[in-house]
Amino acid sequence: MNGLSDEQMQLLMEYLAAVAYCKFVMGRRNIKYIRSAMEAAKPMVAVDLIYCSDCGDLYRRTQWYLKGEHVPVWRCVSRLEKRKSGIDCPSRTLYETDLHAAVITAFNQMIEQKDEFLPGMRLAMGRALAQNNSPRVAEIDARSEELQKELLKKANAKQGFEELADEIDALREEKQALLLEDANRTAMKQRLDELEAFLDERQEPVTDYDEGMVRRLIERITVYDDHLAFEFKCGLETEVQK
Ligand SMILES: [Zn+2]
């Protein structure tokens with residue numbers, strides 16, 4: 001597999017269907033119509049980033065035909081598939097031009113405010129990384145080793161075996177959780193580094209929408225009635241009225 005989610009695969013299929021349709025109408029419609037249809041049907045990578053604040057479902061790209069042009073818009077999937085979902089979600093329709101403008105604004109807010117939030121974030125991150133779980137993991141390893149030895153003795157004696165085995169299991173689970181916590185902290189640090197690198201290389205405001213940038217830095221966009229909430233991968237959040 002090429003790693004496409006069901007949602008992305010569906011969009012790809014819609015796109016291919018739109019291309020086939022465009023070829024079909026090529027002879028009878030003007031080129032502007034065809035171009036707008038193809039442009040509006042283009043699959044977007046950010047397909048699994050945008051969520052509805054009302055019902056929590058994803059937003060999906062679709063298109064409206066307005067004044068002779070196909071206009072890409074984003075709508076809540078529950079609302080789009082009302083019959084299937086059984087949810088009459090009141091969420092709004094978001095024009096893609098507004099979505100892109102809001103993304104650009106969110107990035108520019110980050111760039112403008114970086115001196116305010118970056119030092120604090122670096123400090124917090126440094127503290128979080130210093131509190132890693134290595135000491136407790138070492139304790140667990142030592143205790144597990146002791147228990148394994150005891151277990152061998154008990155196995156021969158056939159008594160108290162289960163209690164020891166349970167404790168070993170519990171320690172193993174605790175260790176896994178602690179290692180995962182450390183791994184998450186390290187991943188968070190990498191994301192913060194990535195955001196910093198992005199902010200450092202950009203002295204000028206962002207002017208164009210860049211899908212790759214969105215994919216790299218944004219974890220989630222939630223659509224509210226009067227604004228969009230952006231959650232960056234590093235944990236930072238910002239809102240844009242749109
Ligand atoms: Zn919804």
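Predicted model: local features only at pLDDT ≥ 70, side-chain atom pairs only at ≥ 80, totals over all residues.
Q: How many helices and strands does the secondary structure of the chain contain?
A: Helices (H or I, at least four residues) and strands (E, at least two) are DSSP runs, numbered from the N terminus. Here the chain has eight helices and seven strands.

Q: What is the order of the strands in the open sheet?
A: Strands of a sheet pair through backbone hydrogen bonds, either parallel or antiparallel. Two strands count as paired if DSSP finds at least two bridges between them. In this structure, four strands form an open sheet in the order S1-S5-S6-S7, with mixed pairing. Strand S1 (50–52) and strand S7 (237–241) are its edge strands, each pairing on one side only. S1 and S5 run parallel and are joined by three bridges, and Cys 52 stands opposite Val 223 in S5.

Q: Which strands form a hairpin, and which residue there takes a positive phi?
A: The hairpin consists of S2 and S3, with two residues between the strands, and Lys 67 takes a positive phi near 45°. Strand S2 (residues 59–66) pairs with strand S3 (residues 69–76) in the antiparallel sense over eight bridges. Arg 61 stands opposite Trp 74 in S3.

Q: Is Ile 218 buried, partly exposed or exposed?
A: A residue is buried if 20 or more other C-beta atoms, placed from the backbone, lie within 10 Å of its own, exposed if 12 or fewer, and partly exposed in between. Ile 218 has 18 other C-beta atoms within 10 Å and is therefore partly exposed. Ile 218 belongs to strand S5 (residues 218–223). Residues are in contact if their C-beta atoms, placed from the backbone, lie within 7 Å. Leaving aside neighbours within four places in sequence, Ile 218 contacts Leu 49, Phe 230, Phe 232 and Lys 233.

Q: How do the axes of helix H6 and helix H7 cross?
A: Axes are lines fitted to C-alpha atoms, for helices over the stretch in contact, and angles run from 0 to 180 degrees between N-to-C directions. The axes of H6 (residues 134–157) and H7 (residues 161–201) come within 9 Å and cross at roughly 160°. H6 is therefore roughly antiparallel to H7, a term for angles over 145 degrees.

Notes:
Residues numbered from 1 in each chain as written. Contact = placed C-beta atoms within 7 Å. Parallel < 35°, antiparallel > 145°, perpendicular 65-115°, else oblique.
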